[in-house]
Amino acid sequence: MNTQKTVTGDNIIGTIKSVGIDGTTLKWIALVTMVIDHLAAVFLHSGLLCTVLRSIGRLSFPIFAFLIVQGYMHTRNRNKYALRLLLFAIISEIPYDLAFYNTFFVLRKQNIFFTLLAGLVAIRIMDYITNEMKFPDFIVDKGMVVMAQSAAEIAVILPMCFLAEKVNLCYSFAGILIIVLFYSLRDSKSGILWANVMFALMYGGIQLFGIAAILPLYLYNNKPGDRRYKWLFYIFYPAHLLLFWGIRKLI
């Protein structure tokens, strides 16, 4: 009987490895772990249970950051994609401040959509520099072109990271860098996994538990999934923050 269970379990694991998980499933994983994290942050604040729940929540952002790169690569209209992020960054700011700081508006920290938008802008600039930007005629050698492109990218990304630190974006400069790394290493499965490890080490603290996100990232099958839920994932963020704030006010 135990042997049968083991075989069945092995078959299930083997099926998951061979089929993988699509972008929609990744979004659900990120969404659920985010809610777990926010439950602890809004209602518990401290203690062992809070630490456990927030540790689980560390998986959320690396997955969302990875999905920003996938969205950039698969979207039909990149300008509209950026505008959606900007729109929901603005919409979400008051619910974010109410849920976490119990005030209508504060500049202490900005909601996660602003970080994701900044990362999207960074990789759009990288794409432009690599594939569209024209360099002077004297830069003809391939090695010189690569060096010029790298220098141009650094000249843009470093100020963006500095700005992220100054305006208190969620995950600060590290939040932008992980999106940049995911984009730069997008063609390498092992590179993507190492990018998440590097982010966890760079940010430090409880984010080290976010290294566990390498498992769902490893299982991603490069398929976007069901697009019917696209708007749900945008709307859910400000909606659940407002809900949590309302519940906290009632109890």
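This is a predicted model: local features need pLDDT of at least 70, side-chain atom pairs count only at pLDDT 80 or more; totals for chains, interfaces and linings use all residues.

The secondary structure comes to 11 helices and zero strands. Of the 251 residues, 42% count as buried.

**Confidence**

- Confidence is lowest in helix H1 (residues 2-19), where the mean is 53.
- At the other end of the scale, helix H3 (residues 48-57) has the highest confidence, at 96.

**Overall build**

- Read from the N terminus on, the elements of the protein chain run α-α-α-α-α-α-α-α-α-α-α.
- Among contacts with a separation of 6 or more, 72% are between residues 24 or more positions apart.
- A search of the whole structure for disulfides finds zero.
- As a reminder, a disulfide is a covalent bond between the sulfur atoms of two cysteines.
- Cys50 is buried because its relative accessible area of 5% is under the 20% cut-off.
- Cys161 also counts as buried, since its relative accessibility is 7%, again under 20%.

- Three residues of H3, namely Cys50, Ser55 and Gly57, are buried.
- These residues cover an arc of only 155° around the axis, so they lie on the same side of H3.
- Leu48 and Leu49 are exposed on the other side of H3.
- What do the buried residues of H3 pack against? Their partners are helix H2 (23-44) and helix H4 (60-74).

**Helix H2: Ile36**

- Ile36 has its place in helix H2.
- With a relative accessible area of 24%, Ile36 is partly exposed, because this value lies between the cut-offs of 20% and 50%.
- Leaving aside neighbours within four places in sequence, Ile36 is in contact with Leu53 and Ile56.
- Ile36 and Leu53 are 17 residues apart in sequence, and their C-alpha atoms are 5.9 Å apart in space.

**Helix H4**

- H4 is mostly covered, with 13 of its 15 residues buried.
- From its first C-alpha to its last, H4 reaches 21 Å, close to the 21 Å expected at 1.5 Å a residue.

- Helix H6 (residues 112-131) has 20 residues and should span 28 Å at 1.5 Å a residue.
- At the start of H6, a side-chain oxygen of Asn111 reaches to within 2.9 Å of the backbone nitrogen of Phe113.
- Thr115 is found in helix H6.
- Is Thr115 buried or exposed? At 0% relative accessibility, Thr115 counts as buried, because that is under 20%.
- Not counting residues up to four places away in sequence, Thr115 touches Phe61, Leu169, Cys170, Gly175, Ile176 and Ile179.

**The loop between H7 and H8: Asn168**

- Asn168 sits in the loop between helix H7 (142-166) and H8.
- The relative accessible area of Asn168 is 31%, so Asn168 is partly exposed, between the 20% and 50% cut-offs.
- Apart from residues up to four places away in sequence, Asn168 touches Leu107, Arg108, Lys109 and Gln110.
- Asn168 and Asn111 are 57 residues apart in sequence, while their C-alpha atoms are 9.4 Å apart in space.

**Helix H8: Ser172**

- Ser172 belongs to helix H8 (residues 172-184).
- Ser172 is buried, because its relative accessible area of 14% is under 20%.
- Which residues does Ser172 touch, not counting residues up to four places away in sequence? They are Ala164 and Glu165.
- The side chains of Ser172 and Glu165 are joined by a polar contact of 2.3 Å.

Note on methods. Residues are numbered from 1 along each chain as its sequence is written. Side-chain values use heavy atoms; hydrogens and water are left out. pLDDT is the predictor's confidence in each residue, from 0 to 100. Helices (H or I, at least four residues) and strands (E, at least two) are DSSP runs, numbered from the N terminus. The expected span of a helix is 1.5 Å times one less than its number of residues. A polar contact is a pair of N or O atoms within 3.5 Å; within protein, one must be able to donate a hydrogen and the other to accept it, and residues adjacent in sequence count only if both atoms are side-chain atoms. A disulfide is a pair of cysteine sulfur atoms within 2.5 Å. Buried means under 20% relative accessible area, exposed over 50%, partly exposed in between (1.4 Å probe, protein chains only). Contact means heavy atoms within 4.5 Å. The arc is that of the directions from the helix axis to the C-beta atoms.
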